[in-house]
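This report describes selected features of a structural model, from single elements to the contacts between chains. The sequence and structure are shown first.

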Amino acid sequence: MPITLPAKLGSLAVALIALIVLPHLTTGYVVYLANLMLIYIILALGLNILIGETGQFGLAHVAFYGIGIYTTAILAGRFDVPFPVAIVAGMLLAGAIGFLLGAVSFRMRDIYLALSTFAFGEAMQWVFKSWDDVTNGPNGMRIPQASMFGFRITNDHDAYYIVLAVTIVVVLATVALMRSRLGRAFRAVRESEPAALALGVNVRLTKVIAFTLSAVYAGLAGGVYASFSSFIHPDSLGFTTTILVLTMIVVGGLGSIAGAIMGALILGLIQELLRQAPSYQEIIYGVILILFMMYAPKGVAGAIKARFGRSAAK
Amino acid sequence: MDWQVIWLFLQQGVASGLVTGSIYALLAVAIVIIFKTTDAPNFAAGELFMAAAYVALYLLVFLALPFVAVVPISLGIAFIAAALFYRIVLQKIGSSAAVTVNVVIATLGLSFVLKGLVRKTGVGDVPRSFPSIFGNDTVMIGQAVLTMQDIGILVLAVLSMTIFFLFFNFTRTGRAMRAVGMNPKAAVLVGINLRRTRMLIWGLSGLLSSLAAILIAPKILMTADMGSVVILGFAAAIIGGFTSLPGAVLGGIIIGVVENLVGLFISSRAISVAPFVAIMLVLVLRPQGLLGGKVAVKKV
Amino acid sequence: MKTMFRAALMGLVLTGSAGFSAQAFPVKAGQGSYSDPGITDDTIKIGLFAPLSGPAQAYGEDPLNAARMWYETVNSMGGIWGRKIELVIEDDRCNANDLVAAVKKLVEQDKVFMINGGSCSAAAVAAQEYVTRAKVPYVMLNASGDGALYPPTDYIFGAISISQRAVGGTAVDFATRHLKGKKIGYINHDDAYGAWNLETAEFTAKEAGATLSVESINPNITDVTAPLLKIRAFNPDVIILTTYARPATLILKKAHELGMKMPIILTVTGTANLKQLVDNVGTKDAFKNFYVQDVINDTPDGPKQKWVLDMYKKRYPELAAKPDHPTPYMPYGIPAAQTVTHALLLAGPNPTREGVARIMRSLTFESGVMAGLISYGENDRAGQESSIFLKFDGDKQELQPGVYVSRWVYKP
């Protein structure tokens, strides 16, 4: 049962309207969750470029997220840099460091790449925690109230449309990117490096670009997070956050934009709902992950694709 | 700092580092044998080890069984539990997609389940220990002080790693396991039962985790979150080369010693970051790890 | 038991601001319309939260249970101004994002009048900005929460168990005054707790003319050889450990192996289960010169704590039968809930959020649970800043004379 184009556009329009009216129907609590989930969508899309599209197991995503948060918070808080500029600076710094990490680790593969980037993530968390003068160390750092394009963000409602707009732009940009030559180069590298080389793809450069882009996404997610969150603590910038984002893209369906979005929403919801089952939640969460891997190995996007034919999940 | 102090620091730092390092090495071996044969890092390695420690605690303290009974029973339970996980969960995943990352997420799921179960019992909150097999009398080696427990850990760790090494190189089953690791398709062609062998490997890895748990629990103490120490096992494995058993041992010892030297001569604050800096240094200079073979081009 | 409980209830007489009849609680409720959410003629809604899952569950679950049984007891005696307390309970997972989500749910969705909760300081601090903007009175559960208490804000009250500032300060005070230490080895964590308790430790050491040698370790450390060797090389008169129980055990063990005989003080951060501590260290010889800090008014099984224990056993018989229950942190939940009920009582029949917060800013009462008074002041949002010390030889705890009160004050 393939889904037709009008049906697709129709459901997109419905989703968009729902997203726009959401804050008028719900409380700040729900809007806060929505903001967090939009952040997770940006993070997931970024990690998906690296792992899902290019097949490079970089596990330092949270480090770039942290760089984005701290850069934005410090520039806006201490140097009175306008928030949008601070966010862009965070993206650039994250991208620059992502470029360096990609440049030193492009020789590595599989588990070696995974663990060296993991080590980098751990080391960055240590830096956030120990560089007291800059990050305020283990005390955590307050983030000033953001104001963007002339209006102040004082609560979750204020932030929502900005976060939503950024996320939509990011999604559209990602779709365009994946349809471009570069997107095809990413997938060529993932499928087979020798074949990609034969097709004239610069494998080395492609990998480094994937690293850089993925870091830019994470840096952007961090900057946007800083615009509505009032506090950041290095404890929340650990490996568990990277793993959560990885779980999102795997559960959603590796290498699929729709999958990354659905994964972020599904796991975000599961996590929030599980708070109502305190002492069983670790067990339930674990079992859910195992069941997903057993019965939907290609993720939700893969499952939908298998059910409704090719066009649905792209 | 005068030379005498430095000399003393060096002796004690290296001696203690060797002992802690052999712990990391044991954990690293449990990770490496699974990786070698199934190509997937086991993210539940730490929690298998943690749960095994609690099984031993339960038998020893709550059921008051003697040590001679506790050791084989705990090893047996860990073996069966790990093998079952492979049989029930991983085999299904392996047959449907054979994607490494799915195995990673499934083992991650297992780690949550095990932590949740141990916490459910109510004994996982307070740090616990059980009596060490060797006692806590101290011995002097040069100016360094070690306990009998330390010596016991070191000896048993080296012994069990040697046994594993011999097993993999000189027994039929061991060779079959290595063959599965090197080339599964060829292994099947020469008549090796892939599923059975991998299940056995998972069992053995569980057994090794349990052995490590019994040795180490009196030294680093048990909590439901003690599995996090396995990160250092991963670090040891990666420094050693991830597919090499001697490499894993070497990596473990390097990390144990480096942690102490960094603590002594740089700062206690830097201890926790030292292993990760070591990983990055080793991998940038030698991407296949210290004793790892040439990196094979593989599709993930 | 009755009398202790009564004393605890009546403790707020110390504020001197309430006229009491023989009855514990006035029964006539206010009537009419209320400007703040969560309050009706016969109910008042309070949001209660703590980590109820994951690694920090052990820190949060029992204090929350204790707070809940206090609220239920107050209800059983007629409630406050005739209003029954309705609790909405949430799990904050000891994590900043989740705690903020829990707080926002309680305030915006469940529309509670005020909130009481949090066992993890770093996470509790994350809610500061929101609570201040929403002007909701927030009383922490057993989080020390120093990060949200200094500088003081109008709506946030914490350190009901003890502030980390007071942990470090009073430990050094005891080491220099009682144990006459001049050179003090100080091992803390490399986290926020460590940074906070070190600040006052340095302040108090300077006051007493003592020198401090500090080693900051990661709570997950596996080998404590390096920090301890460095402390030994400093040759201290006293060693203070402000670590959790696990690293403290490793350090005590190692210190014994290395033949270090100077007195060691373990602060309340690591004293959760002393019997288990001895079992884990493996020998009583390591406890020949060993002191522990505590923040309650008696040993956990002592007569002054009996009413708390009895109440717990009666309310949670199944939990009480579990190993290691109640946890040593359990009693801290009571003064946290008392802060809420006392403030509501003093705020009169028609309480507003603003009024309750104003009352709390000068609230002082005897909890019947903690070592010192729970007391807030103009620049002071830390409730409890006193500790006692016990000598522990592996079997018995022997109370040392004096209650040590932190002298460090926040200067705006």
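This is a predicted model: local features need pLDDT of at least 70, side-chain atom pairs count only at pLDDT 80 or more; totals for chains, interfaces and linings use all residues.

## Helix α8 of chain C

Helix α8(C) covers residues 192-208, 17 residues in total. From its first C-alpha to its last it reaches 25 Å, close to the 24 Å expected at 1.5 Å a residue.

An α-helix has 3.6 residues a turn, so residues three or four places apart point the same way.

## The parallel sheet of chain C

Chain C contains an open sheet of five strands in the order β2-β1-β3-β4-β5, with parallel pairing. Its edge strands are β2 (84-91) and β5 (156-157) of chain C, each of which pairs on one side only. Strands of a sheet pair through backbone hydrogen bonds, either parallel or antiparallel.

Strand β1(C), residues 43-50, pairs with β2(C) in the parallel sense over eight bridges; within this pairing, C:T43 has C:K84 of β2(C) as its bridge partner. Strand β1(C) is also joined to β3(C), here by four bridges, and the two run parallel. The bridge partner of C:G47 in β3(C) is C:I115. C:I115 has a further partner, C:Y138 in β4(C). Strand β4(C), residues 138-140, runs parallel to β3(C) and is joined to it by three bridges.

In β3(C), C:M114 and C:N116 point one way, while C:I115 and C:G117 point the other way. All four of these residues are buried. Helix α2(C) lies across β1, β2 and β3 (114-117) of chain C, and it runs at about 165 degrees to β1(C).

C:E129 belongs to helix α5 of chain C, residues 128-134. Is C:E129 buried or partly exposed? C:E129 is partly exposed because 19 other C-beta atoms lie within 10 Å, whereas a buried residue has 20 or more.

Beyond residues up to four places away in sequence, C:E129 touches A:R142, A:S230 and A:F231. Within chain C, the C-alpha atoms of C:E129 and C:T153 are separated by 9.7 Å, and these two residues are 24 residues apart along the chain.

## Two domains in chain A

Chain A is divided into domain 1 (25-237) and domain 2 (238-314). The C-alpha centres of the two domains lie 20 Å apart. Their contact involves 27 residues of domain 1 of chain A and 18 residues of domain 2 of chain A.

On the domain 1 side, α2 (28-53), α3 (61-78), α5 and α7 (156-179) of chain A each supply at least two residues. Helix α2(A) gives the most to this side, with 13 residues. By class, the residues of the domain 1 side divide into 17 nonpolar, seven polar and three charged.

The contact between chains A and B takes 36 residues from chain A and 40 residues from chain B. On the side of chain A, α5 (110-130), α11 (239-252) and α13 (281-295) each supply at least two residues. Helix α5(A) gives the most to this side, with 11 residues. The residues of the chain A side divide into 22 nonpolar, seven polar and seven charged.

Chain B also meets chain C, where 35 residues of chain C are in contact with 35 residues of chain B. The elements that each supply at least two residues of the chain C side are α2 (57-76), β7, α9 (225-234), α10 (245-257) and α11 (274-281) of chain C. The largest share of this side, six residues, comes from α9(C). By class, the chain C side has 12 nonpolar, 14 polar and nine charged residues.

Terms used. Residues are numbered from 1 along each chain as its sequence is written. Chains are lettered from A and ligands numbered from 1 in the order in which they are written. The expected span of a helix is 1.5 Å times one less than its number of residues. Two residues are in contact if their C-beta atoms, placed from the backbone, lie within 7 Å. Ala, Val, Leu, Ile, Met, Phe, Trp, Tyr, Cys and Pro count as nonpolar, Asp, Glu, Lys and Arg as charged, and the others, Gly among them, as polar. Domain bounds come from an automatic or database domain assignment. Two strands pair if DSSP finds at least two bridges between them. Axes are lines fitted to C-alpha atoms, for helices over the stretch in contact, and angles run from 0 to 180 degrees between N-to-C directions. A residue is buried if 20 or more other C-beta atoms lie within 10 Å of its own, exposed if 12 or fewer, and partly exposed in between; C-beta atoms are placed from the backbone.
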